[in-house]
Amino acid sequence: MIADPISPEQILATSPDLPPATVLLKEMALSTSHDLDRYLHMVQGRMSFGISPISPWLAFLDWAAHRANAPGRSLSQAVRAVDAWSQWSVLALGRATGPIIAPAASDHRFADPAWQTWPYNLIQQEFLLIERWWEHETTNLPGVSRSSERIVNFCARQILDAWSPTNFPWLNPEVTATTWRKAGGNLLAGWHNFVADWVAIGRGRPADPARFVVGSDLAATPGKIVARTRLMELIQYTPTTPRVAAEPILIVPAWIMKYYILDLSPQNSLIRYLVDQGHTVFTLSWRNPGPELGDTDFDAYRVEGVMAALDAIVAINGTAPVNAVGYCLGGTLLSVTAAAMARDGDKRLGSVTLLAAQTDFTEAGELQLFITEDQVAFLTDVMAEQGFLDSQQMAGAFQLLRSNDLIWSRAIRSYLLGEHEMPNDMMAWNQDGTRLPARMHAEYLQRLFLDNDLAEGRFPAGGHPVALEDIRLPCFVVGTETDHIAPWRSVYKFHLMTETDVTFVLTSGGHNAGIVSEPGHPHRHYRISQSPRGAIYTPPEQWLEDAERRVGSWWDAWNDWLKTLPSKGDVSPPTIGAARYPVLAEAPGDYVLQH
């Protein structure tokens with residue numbers, strides 16, 4: 001039988017009588033040993049964007065051991081290499097009628113027609129064949145754990161992306177043509193862009209002067225702050241119609257981002273759209289936490305965020321049920337809240353809408369690459385030292401997930417072609433980072449990503465576990481086609497965990513652009529289908545075939561769905577604030593301005 005681990009305090013308490021100096025030395029050693037580890041991990045985390053240096057080595061060891069034990073794999077890869085060489089040779093001799101291999105649909109590095117001319121077509125095809133060879137080499141090796149395979153494949157892709165011929169001016173026909181045409185002026189401009197970016201990094205702010213000001217250009221929908229806790233400010237928006245729906249809307253954004261992703265410029269603001277459609281809208285604006293909130297747990301966001309907001313909304317709006325909307329991590333929080341309210345008999349919600357929000361984390365997309373037991377332990381030490389997860393640490397991980405689009409393509413445009421990147425509202429929002437409290441984020445990674453407690457009925461709210469199947473409200477769930485943070489098939493699993501009426505929408509775009517999909521936006525489409533309570537489960541691939549495809553914005557479909565819910569009809573707009581909840585400030589408030 002294995003004994004329970006002994007704490008440092010027990011070691012000292014059970015030690016025989018020792019000289020005072022020896023006891024003092026033991027106390028000092030025991031108290032500083034963990035601090036030393038944390039300090040080391042903090043230093044490592046600053047250099048690695050919070051990514052554990054151990055995880056890649058363990059993954060490569062796992063892959064290399066199994067790869068060395070698979071001689072048949074070597075034979076098949078040798079055949080692939082010979083076949084690729086023979087195909088490339090045919091192309092080099094001018095006997096091929098077309099390219100050997102085409103880039104992936106999402107790969108735009110070789111879109112310029114010059115890549116189809118000699119000798120750049122040979123360079124491009126050779127690189128794509130090497131990429132394909134390494135894709136086979138690092139995937140589907142029997143015996144390798146899924147996490148190790150993801151890490152090894154990811155690292156191989158990062159190395160190949162760095163050595164892409166597009167990144168070298170003498171191998172990139174677009175760069176060479178531009179350099180010849182501008183007599184090197186593009187490289188001089190690129191050098192200025194490079195210096196400006198490094199100066200900005202040193203100063204901790206964007207290189208471009210602020211062209212989008214929060215409160216006037218962004219987050220500009222008129223409203224008031226009507227409640228405030230240590231974690232959130234509640235914004236009530238000014239109505240624009242003489243009559244409004246009796247049931248108000250509460251938006252629960254993720255605190256991993258500033259709320260105004262849903263209130264960008266007036267033409268693509270979801271919040272302004274809802275107000276103009278005759279809804280009374282409230283939204284949470286989360287505080288940007290510092291070290292003082294490092295011990296804040298996940299449940300505090302439920303109690304001091306969503307529940308506190310519901311108290312204020314009912315006091316202001318009356319007894320009509322609230323239609324709640326949760327985006328990303330805010331949707332996960334809303335799911336927990338709705339399940340806890342159902343468990344406790346709290347009937348203040350009328351419906352639940354989830355936007356790119358996961359409740360089952362077994363297929364949580366590319367973020368799983370950075371979430372292993374080793375990584376969570378390492379990151380917990382990094383956060384414990386500083387009290388929060390810094391926005392730069394998160395940004396680094398997200399950029400690596402899409403290095404072609406967010407790192408290398410930008411570098412080519414800015415540094416080799418000398419183009420000045422014109423900021424837009426989405427870019428301005430993306431640069432306005434937030435932090436996450438250490439304790440909350442550690443719980444989020446461990447209990448949701450690693451242990452999947454919410455899907456399996458173990459996640460606590462108010463000290464007791466919640467079950468998503470207790471939610472009996474009508475639900476509107478939105479996934480996005482190219483989401484690498486919350487893949488739509490993962491979002492779709494909400495069907496498996498509830499026994500209620502679910503309308504599911506799959507919209508074009510990614511995690512942010514798919515949600516910010518205003519009416520009139522070109523090239524937008526979505527699929528939609530309703531699954532009534534008690535319906536037979538439809539697998540996601542079958543759903544994809546059967547669901548109705550529509551051109552346009554899913555916002556209109558959602559607004560139509562809200563009108564189908566039980567309602568007391570249209571009423572005069574409620575007052576802004578109430579006796580217990582007086583107006584505290586003009587929107588967007590103070591919390592959103594914290595950096």
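## Close-up views of the predicted model

**Figure 1. Tyr444 sits in helix H16 (residues 438-450).** In this predicted model, local features need pLDDT of at least 70 and side-chain atom pairs count only at pLDDT 80 or more, while totals for chains, interfaces and linings use all residues. Residues are numbered from 1 along each chain as its sequence is written, and side-chain values use heavy atoms, with hydrogens and water left out. Helices (H or I, at least four residues) and strands (E, at least two) are DSSP runs, numbered from the N terminus. Tyr444 has a relative accessible area of 11% and is therefore buried (under 20%; exposed is over 50% and partly exposed lies in between, with a 1.4 Å probe and protein chains only). Leaving out neighbours within four places in sequence, Tyr444 is in contact with Leu329, Phe361 and Phe449 (contact: heavy atoms within 4.5 Å). Look for Phe298 too: 146 residues separate Phe298 from Tyr444 in sequence, yet their C-alpha atoms are 7.2 Å apart.

**Figure 2. Here helix H3 (residues 54-68) packs against helix H6 (residues 146-162).** From H3, Ser55, Pro56, Ala59, Phe60, Asp62 and Trp63 meet Ser148, Ile151, Val152 and Cys155 of H6. Sorted by class, the residues of this contact are seven nonpolar, two polar and one charged (Ala, Val, Leu, Ile, Met, Phe, Trp, Tyr, Cys and Pro count as nonpolar, Asp, Glu, Lys and Arg as charged, and the others, Gly among them, as polar).

**Figure 3. Eleven strands make up an open sheet with mixed pairing.** To trace the sheet across, follow the order E15-E14-E13-E12-E7-E6-E4-E5-E2-E1-E17 (two strands pair if DSSP finds at least two bridges between them). Strand E15 (548-551) and strand E17 (585-586) are the edge strands, each pairing on one side only. Strand E4 (residues 249-252) and strand E5 (residues 281-286) run parallel, with three bridges between them, and Ile249 faces Val281 in E5. Helix H20 (residues 554-564) packs on the sheet, where its contacts include E4, E6 and E7. The direction of H20 makes about 170 degrees with that of strand E12 (475-480).

**Figure 4. Strands E6 and E7 run side by side in parallel, joined by six bridges.** E7 is mostly covered, with six of its seven residues buried. Helix H10 (residues 298-317) lies across both strand E6 (322-327) and strand E7 (349-355), as well as E4, E5 and two further strands, E1 and E2. H10 runs at about 30 degrees to E2.

**Figure 5. A hairpin links E1 to E2 through three residues.** The two strands run antiparallel and share five bridges, with Arg228 standing opposite Glu233 in E2. E1 also pairs with E17, in the antiparallel sense and over two bridges. There, Lys224 stands opposite Glu586 of E17.

**Figure 6. Gln77 lies within helix H4 (residues 71-92).** With a relative accessible area of 2%, Gln77 is buried. Not counting residues up to four places away in sequence, Gln77 touches Arg67, Trp133, His136 and Glu137.

**Figure 7. This last view gathers some backbone details.** Most residues other than glycine have a negative phi, and most peptide bonds are trans. Trp118 and Pro119 are joined by a cis peptide bond, with omega about 0 degrees; Pro119 belongs to the loop between H4 and helix H5 (120-137). A cis bond also runs from Ala587 to Pro588, with omega near 10 degrees, and Pro588 is in the segment after E17. Asn140, though not a glycine, has a positive phi of about 60 degrees. Asn140 lies in the loop between H5 and H6 and is exposed, at 61% relative accessible area. Ala219 has a positive phi of about 50 degrees and is found in the loop between helix H8 (185-203) and E1. Ala219 counts as buried, at 2% relative accessibility.

Methods. Axes fitted to C-alpha atoms, helices over the stretch in contact; angles between N-to-C directions.
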